[in-house]
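Hi everyone, thanks for making time.

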Amino acid sequence: MIDRFIAQARRQLGTFAQHPGRDIPLQLGSAYLICLFCGYIGHPYLALFVAVAVTGMEYLLSRSTKGLPRTEGEAGTGRTCAVLTLCAVTTGLYLLPALTFTSDPSLAIKMTGMTWVMGTQVYLVSTLNKVPAFLAAKMLPAMGMTVLAFVFLSQSDPAPSGGDEWAVASVFLLLFLVTALDLLRLQGAAEAQIAAAQGDAAARLACLEEAQRLDPLTGLLNRNTFDLALQVMLDDRADVGGDVAVFLVDLNSFKPINDTYSHAAGDEVLLQTAQRLRRHVRDDGIVGRLGGDEFVCAVTGLDGDSDVIDYATALEAELSGAVVWNARRLKVGASIGVATTGPGADHPAATVTALCTAADRAMFAAKNAPQGGPCLYRAHLFAARMTAEDKRFLVEAISNRRVKPYYQPKVHLGTGRIVGFEALARWEHPDGKTCIPSNFIEQIDELGLQGDFMTSMATQVIEDIATLLDEGHDPGQVSLNITEVTLATHSGRDDLQQLVQTHPQVAPHLTFEITEDVFIARAAEAIQTSIKAFRALGVRISLDDFGTGFASFHHLRQLDFDELKIDTSFVDGLGRDPTSEVLVQGFLDIASGLGVSVVAEGVETEAQRRDLINMGCLTAQGYLFSEAVPLAAAADLLGVDQQPQPRTTHG
């Protein structure tokens, strides 16, 4: 027990050191006053002894605590014990005159002694409550002196007191009252400070809680808070009825604005989008920001699918207005996916997760829809999500090369001869199906397998080209789609470079296809560096889906490439849409001016083939010629296509 007490005192010594220096004038002044009255009633030697002894002890106490840090910490045991002893002795000296006062026959003097004893204890408790070890060291002798004072008080009957003696008692009573009131004032001030600190802490906590609830830029609900609020709406629906509609909004053209005009412009777009959403939703629902340029709303009171679509269409129109920034009119749009709890929703359960997931899938469908406009989720219109077993199969398939390249021929339109292939991923599923990328690429992203998938595909394509060369075939130019992340990261670029360098004979037959969006990617500079490195190895670069992204003609000057691929959407309009013909002819003219080759994608009819030939396009691919086939079938196609033709003789 003593060891614990000493350990506690060691920790509190630094805090106690604040008290002696601050209170010495008050303590010594009070001691000198009591000594003065002690001498007045006939005890001059005791008064002189106490005055000198108290002064000496306070000096020693001050020296013992000098140099200590003014915070709690670990002090030495010897120093701590010395200070505790000085505290006890000093308190005893302060109260020694009280024994003389209580043994005096005068009632007034007896009362003065008891006032001094009790007042001293009140003072100690009030000033040393933060250092209980040192309070105990002072209170023990104080309580001992109190017991002795009561003993001395009981040994003589009180005698009448004179006016001067009552004056002494009155002075000490007044001193006690002033001290008590001052302590009450200090305690009240301390409590006020504590209350203020607690109020400030509560305000700060409220601010932190508010910050955790809201998106810091727009002030909308953040993802977690929106989910909680949506759950409340769903709970209320269970009690009072009514349907809830969730609208997931993704801004179109936001990334080009952010990259072209700065983040300040992007922030202004987000802020004005948030204001428009609040204005449109009003008190009918809740609005949140999921992150980036994705927002979400949930509203009640809509009646049926047509009402929901009308609401989404009006919301889309609201968000499509130009955003004014620095005298510029920034044009944005929105893709909106909708999910409801209505009778035709086809949800397994009207939960927050189910609604938001459905709205997310509908939003992606809206973003990819050629006709545009909001998309309402209906389960029977969307492909079923992969099961956990399918995902496990996919992980194994990538590692076991069951996700492999199939090859769609690229042909010379004039002769029909195969001049190359495009490698397209196919998953040979254990159930016997061959799945195209749209059935599993989203899951690859969800599982974080993009790097493994890219490495596996590139390895197989390079090995397949090497195999075809070893068999005596000329595969022409075999193209492979390369993801932005592969080009933008050192690890992705290095892995791909190492693969190409392992098979140097393959490089002249290898083409990496990239989409034109790499021009406006955040890592555009790193991507351009990667492209230069691959071209230095002999690999050709093809600009895929040309005309569908956000690149401008200015961007074409920033990148060295060898080929343009005209997207299927433009080829599909040939013969039907004059605009498509103008655009395709324009692309061909651009390619001719830049000195690069052109491949038209998605050729499915003989009419399209003829139109392309008439425009001067030499190379195309599509179902008119062949679908994507496994390596063995591609080799067979090459074998037939590359058979020497018999000579025609005359005569």
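Predicted model: local features only at pLDDT ≥ 70, side-chain atom pairs only at ≥ 80, totals over all residues.

How many of the seven residues of β13 are buried? Five of them are, so the strand is largely enclosed by the rest of the structure.

And who are its partners? On the one hand there's strand β12, residues 510–515, which pairs with β13 in the parallel sense over five bridges. If you want a spot to look at, find Ile514, whose bridge partner in β13 is Leu543. On the other hand there's strand β14, residues 563–566, also paired with β13 in the parallel sense, over three bridges. Here, Ser542 stands opposite Glu563 of β14.

Now for another sheet. This one is open, with five strands in the order β2-β3-β1-β6-β7, and the pairing is mixed. The edges are β2 (285–291) and β7 (375–376); each has a single partner strand, so one side of each is left without a neighbour in the sheet. Look for Val338, which stands opposite Leu376 in β7.

Is Gly285 buried or partly exposed? Its relative accessible area is 24%, so it counts as partly exposed. Gly285 and Met233 are 52 residues apart along the chain, yet their C-alpha atoms are separated by 8.6 Å.

On to the helices. Helix α4 covers residues 77–103, which is 27 residues. At 1.5 Å a residue it should span 39 Å, and since its end C-alpha atoms are 39 Å apart, the two agree. That said, α4 does bend, by about 30° at Tyr94, and there's a proline, Pro97, within the four residues that follow.

Last stop: helix α5, residues 107–127, where you'll find Leu107. With 34% relative accessibility, Leu107 counts as partly exposed. Together with Met111 and Trp166, Leu107 makes a nonpolar surface patch of about 260 Å². As for Leu107 and Met111, here's a handy rule to keep in mind. An α-helix has 3.6 residues a turn, so residues three or four places apart point the same way.

Definitions and conventions
Residues numbered from 1 in each chain as written. Heavy atoms only, no water. Helix = DSSP H or I, 4+ residues; strand = E, 2+ residues; numbered from the N terminus. Expected span 1.5 Å × (residues − 1). Bend = angle between axes of the 7 residues up to and from the residue. Buried < 20%, exposed > 50% of the residue type's maximum accessible area, 1.4 Å probe, protein only. Pairing = 2+ DSSP bridges. Patch = residues over 30% accessible without salt bridge, like charges linked within 9 Å, V, L, I, M, F, W, Y side chains within 5 Å. Areas by Shrake-Rupley, 256 points an atom, 1.4 Å probe, with all protein chains shown as cover. Salt bridge = Lys/Arg side-chain N within 4 Å of Asp/Glu carboxyl O.
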